[in-house]
Amino acid sequence: MTAIPSDSAITVAGLCKSFGEQTVLDGLDLDVQQGTVFSLLGPNGAGKTTVVRILSTLIPADAGQMQVAGHDLVQEPDAVRAAIGVTGQFSAVDGLLTGAENLGLMADLHHLGRAAGRRRVAELLERFDLVEAASKPVSSYSGGMRRRLDLAMTLVARPRLIFLDEPTTALDPRSRHGMWALIRELVAEGVTVFLTTQYLDEADELADRIAVLDHGRIVAEGTATALKRRIPGGHVRLQFANPHSLDAAADALESTTPDEETLSLQIPADGSVASLRALLDRLDRAQVEPVELSIHTPDLDDVFFAVTGHSSANQDSTDQRGTDPSEAAEVANR
Amino acid sequence: MSTLAYSLTDSATMLRRQLKHILRYPSMTLMLLGMPIIFLLLFVYVFGGQLGAGLPGNGGGRGDYVNYLVPGILLLTVGMAVNGTAVSVAMDMTEGIVDRFRTMAIARVSVLTGHVLGSLIQAVASLIVVLGIALAIGYRPTAGPLAWLASLGVLVLFSFALIWLAVALGLTAKSVETASNTPLPLTLLPMLGSGFVPTDSMPAGLRQFAEYQPFTPVADTLRGLLSGTPVGGSVIAALAWSLGIALVSYLWAKRLYNRRYTR
């Protein structure tokens, strides 16, 4: 076993993967510290799932050095498997079995022993709010219940490192917040979480570090705050009743370009109370009253635009390769 | 525990899962069991009088035809049962659960051995039901205990071979629908051999095919064992076919299972 810094749960250097002609991962470097939540952020088709499938030993990489949970991914795949838990994007539950049987199956496959296995199953059913549904077949579960069961199955053997591939995609807002709460509990217990998501708010909510994946490369990496500082997408939008008040407001707020057609102004702002108060004070002093005010926080599209120069929407088209490499390198330069 | 012990435990766990599947989805078993029973009744009561008269030798009636037909029906039962294997393997592959198994430190092949052992139990249970009905409608085998044991051995070995073949077919299928169709020739082959009528009565080209396809020596061996007549060279051919199909299918299935994950 190669010696690695003991505080890294995952280290990846130069990971490459192609499917036929299509390059999916193009020299990926990652370092995930133990006991933290690391989020890989990117739109559909960016290669997030491929990263998870490689790091969880499902598919081989074409090139790269990878250590997961202290073991070399290529040399000791079974040691890696014994240390990790994986909850994939598509629910990995057995629809013909009941919830309790699914968990029991995991306990058996982890050789927990009959009594210990039963205790663990009961514990997880309780914790994931599945006690009532425990003896019903999983095919009758709702989407949120399936995801909870899926995560519970991943946790049967208490892995210290878990991969969550888009754990809240297609969940309703309530289930989504429930899932976030469960993930936070895990982190509080010291579990390392490798999370992929296409939602900036999810990464923001959960992750200690965020890496933005685009065309198989990390184009930006840092804490949520650091990333957002780079993103100029936050602004306040003011709507006015007539061109007169629009002009008055434009004068009062200086250096803004009023949109005559929609009678609105966009003012860059970080969305803090202080900046809002200052803005409204200036409008008060000029005696203009907007009819509507809305605050826009940066979303994934803004992040993408800021770090790649293109929007996240057309990831699937291959003609997006035109991103200026020097620009990408600049933002990636942490 | 050693690796072998773990691999046995994991296979047993997967077998339990498979048996639960079979119990939870009884309509599948009933459908697979229904066809050989219908064929048995159809061939005995509708065609049996006529076909019995055409049997070589002194030519008998319905009763003689039952005795001729049952080995063929037993093979049809196996052919149908493995249809279920292909479908359940394909169903498993379309669900995420197999991906989960692959990321766990368990004996990799245990997923497949669970299917094979589960199907084998299902096939033997189906054979017992079909045989029970055959006995009820006048099947009179003359086999002694040893010959019965040998017959069971031949049936289990042949089922084992076809089940591995069905596992491979289930793995190649892109969808569950395809998986339910690809093993259909296995239900036709007993008829295109000595299963339902002696091959002598067939036209030349078909007769040659019928004489050299795997179901024929197995049917002949069973017929010989159960009716207490000499089995001759067919037993060697039956064993060779069974072992050959099992080995090739096992290697094919294993390769397919591992190859699924190159992308």
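Ring pairs join B:Phe39, B:Phe43, B:Phe47 and B:Phe196 into a cluster. The model is predicted.

Over all chains, the count of aromatic pairs comes to nine. One of them is formed by A:Phe38 and A:Phe194. This pair is stacked, with 5.7 Å from centre to centre and 20° between the planes. It also links distant parts of its chain, across 156 residues. A:Phe38 sits in strand β3 (residues 37-41) of chain A, and A:Phe194 in strand β8 (residues 192-197) of chain A. A:Phe38 and A:Phe194 are buried.

Charged groups also meet aromatic faces. In chain A, A:Arg176 lies over the face of A:Tyr199, at 4.5 Å from the ring centre. In chain B, B:Arg102 lies over the face of B:Tyr257, at 5.3 Å from the ring centre.

The largest nonpolar core holds 114 residues. The members that touch the most others are A:Leu103, A:Leu151, B:Phe101, B:Val167 and B:Leu171. A second core is separate and has 30 residues. Among them are A:Val24, A:Val51, A:Ile54 and A:Val86.

Helix α1 of chain B spans residues 3-24, 22 residues in all. From its first C-alpha to its last it reaches 31 Å, close to the 32 Å expected at 1.5 Å a residue. Its buried residues are B:Asp10, B:Ser11, B:Thr13, B:Met14, B:Leu15, B:Arg17, B:Gln18, B:His21 and B:Ile22. An α-helix has 3.6 residues a turn, so residues three or four places apart point the same way. The buried residues of α1(B) pack against elements of both chains. From chain A, the partner is α3 (99-109). From chain B, the partners are α2 (26-46), α4 (62-94), α5 (97-102) and α6 (110-136).

Chain A is divided into domain 1 (8-229) and domain 2 (235-296). Taken over C-alpha atoms, the centres of these two domains of chain A are separated by 44 Å.

Terms used. Residues are numbered from 1 along each chain as its sequence is written. Chains are lettered from A and ligands numbered from 1 in the order in which they are written. This is a predicted model: local features need pLDDT of at least 70, side-chain atom pairs count only at pLDDT 80 or more; totals for chains, interfaces and linings use all residues. Side-chain values use heavy atoms; hydrogens and water are left out. Helices (H or I, at least four residues) and strands (E, at least two) are DSSP runs, numbered from the N terminus. The expected span of a helix is 1.5 Å times one less than its number of residues. Buried means under 20% relative accessible area, exposed over 50%, partly exposed in between (1.4 Å probe, protein chains only). Contact means heavy atoms within 4.5 Å. A nonpolar core is a set of buried Ala, Val, Leu, Ile, Met, Phe, Trp, Tyr and Cys residues joined through side-chain atoms within 4.5 Å. Rings of Phe, Tyr and Trp (its six-membered ring) pair if their centres lie within 6.5 Å; planes under 30 degrees apart count as stacked, over 60 as edge-to-face and the rest as tilted. A charge sits over a ring if NZ of Lys or CZ of Arg is within 6 Å of the ring centre and within 35 degrees of the ring normal. Domain bounds come from an automatic or database domain assignment.
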